[in-house]
Amino acid sequence: MTQTEPNAKPAQTPPTDTAVLFNAQCPVCAFEIGHYEGYARKNALPIRFDDLNHEAASWGIDADQAARRLYVLHAGELVSGMPAFRVLWAQMPRYHWLARITAWPVVRPVTVFTYDRILAPVIYRWHKRRQARHS
């Protein structure tokens with residue numbers, strides 16, 4: 001039988017400092033964010049991952065709006081798009097470098113433009129096509 005110290009506190013799960021809202025039905029999103037989720041879990045990082053198909057309303061965002069880009073809530077601030085990726089990457093030791101590089105003044109506008117004008121719209125259109133096929 002083990003004894004506990006009188007003032008010992010029970011082990012607790014660390015609080016979630018960062019939450020990610022993503023589209024788990026999107027193959028691209030599920031692959032990439034699934035990788036980050038596995039990394040966070042393996043390293044006991046306080047990051048929660050929510051599927052927009054079940055959790056968007058609790059974020060105060062409708063599912064269609066949430067499907068258009070990545071959303072991250074960190075330290076009470078909701079960010080989306082490339083800034084959301086930077087916040088997420090900054091929380092993961094393996095990806096700190098990526099957060100720093102994509103924040104460089106010369107690189108930041110290129111990454112924002114690429115995500116906002118090319119990647120996010122293409123992925124969203126794929127999402128809408130998948131929805132139409134399954135309706």
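Helix H1 covers residues 27-42 and has 16 residues. Helices (H or I, at least four residues) and strands (E, at least two) are DSSP runs, numbered from the N terminus. From its first C-alpha to its last, H1 reaches 22 Å, close to the 22 Å expected at 1.5 Å a residue. The expected span is 1.5 Å times one less than the number of residues. This is a predicted model: local features need pLDDT of at least 70, side-chain atom pairs count only at pLDDT 80 or more, and totals for chains, interfaces and linings use all residues. Residues are numbered from 1 along each chain as its sequence is written, and side-chain values use heavy atoms, with hydrogens and water left out.

Which residues of H1 are buried? They are Cys-29, Ile-33, Tyr-36, Tyr-39 and Ala-40. Buried means under 20% relative accessible area, exposed over 50%, and partly exposed in between (1.4 Å probe, protein chains only). The buried residues of H1 pack against strands S1 (18-22) and S2 (47-51), and against helices H4 (82-90) and H6 (108-133). Just after H1, Ala-44 takes a positive phi of about 50°.

H6 gives the most, with 6 residues. The lining has 22 residues, and Glu-32, Leu-70, Phe-85, Tyr-115 and Ile-123 lie nearest the pocket centre. A pocket here is an open set of points on a 1 Å grid over the protein atoms alone, where a 1.4 Å probe fits, with protein on both sides within 12 Å along at least five of seven lines; lining residues have an atom within 4 Å of a point. By class, the lining has 16 nonpolar, 3 polar and 3 charged residues. The volume of the largest pocket is about 370 Å³.

Now turn to Ala-90, in helix H4. Ala-90 counts as partly exposed because its relative accessibility is 35%. Leaving aside neighbours within four places in sequence, Ala-90 is in contact (heavy atoms within 4.5 Å) with His-96 and Ala-99. Ala-90 and Arg-100 are 10 residues apart in sequence and 7.9 Å apart in space, C-alpha to C-alpha.

Finally, the whole chain. The protein chain has 6 helices and 4 strands. From the N terminus on, its elements run β-α-β-α-α-β-β-α-α-α. Of its 135 residues, 35% count as buried. Among contacts with a separation of 6 or more, 60% come from residues 24 or more positions apart.

Terms used
Points joined across faces, edges and corners; volume = space filled by probe spheres on them. Nonpolar A, V, L, I, M, F, W, Y, C, P; charged D, E, K, R; others polar.
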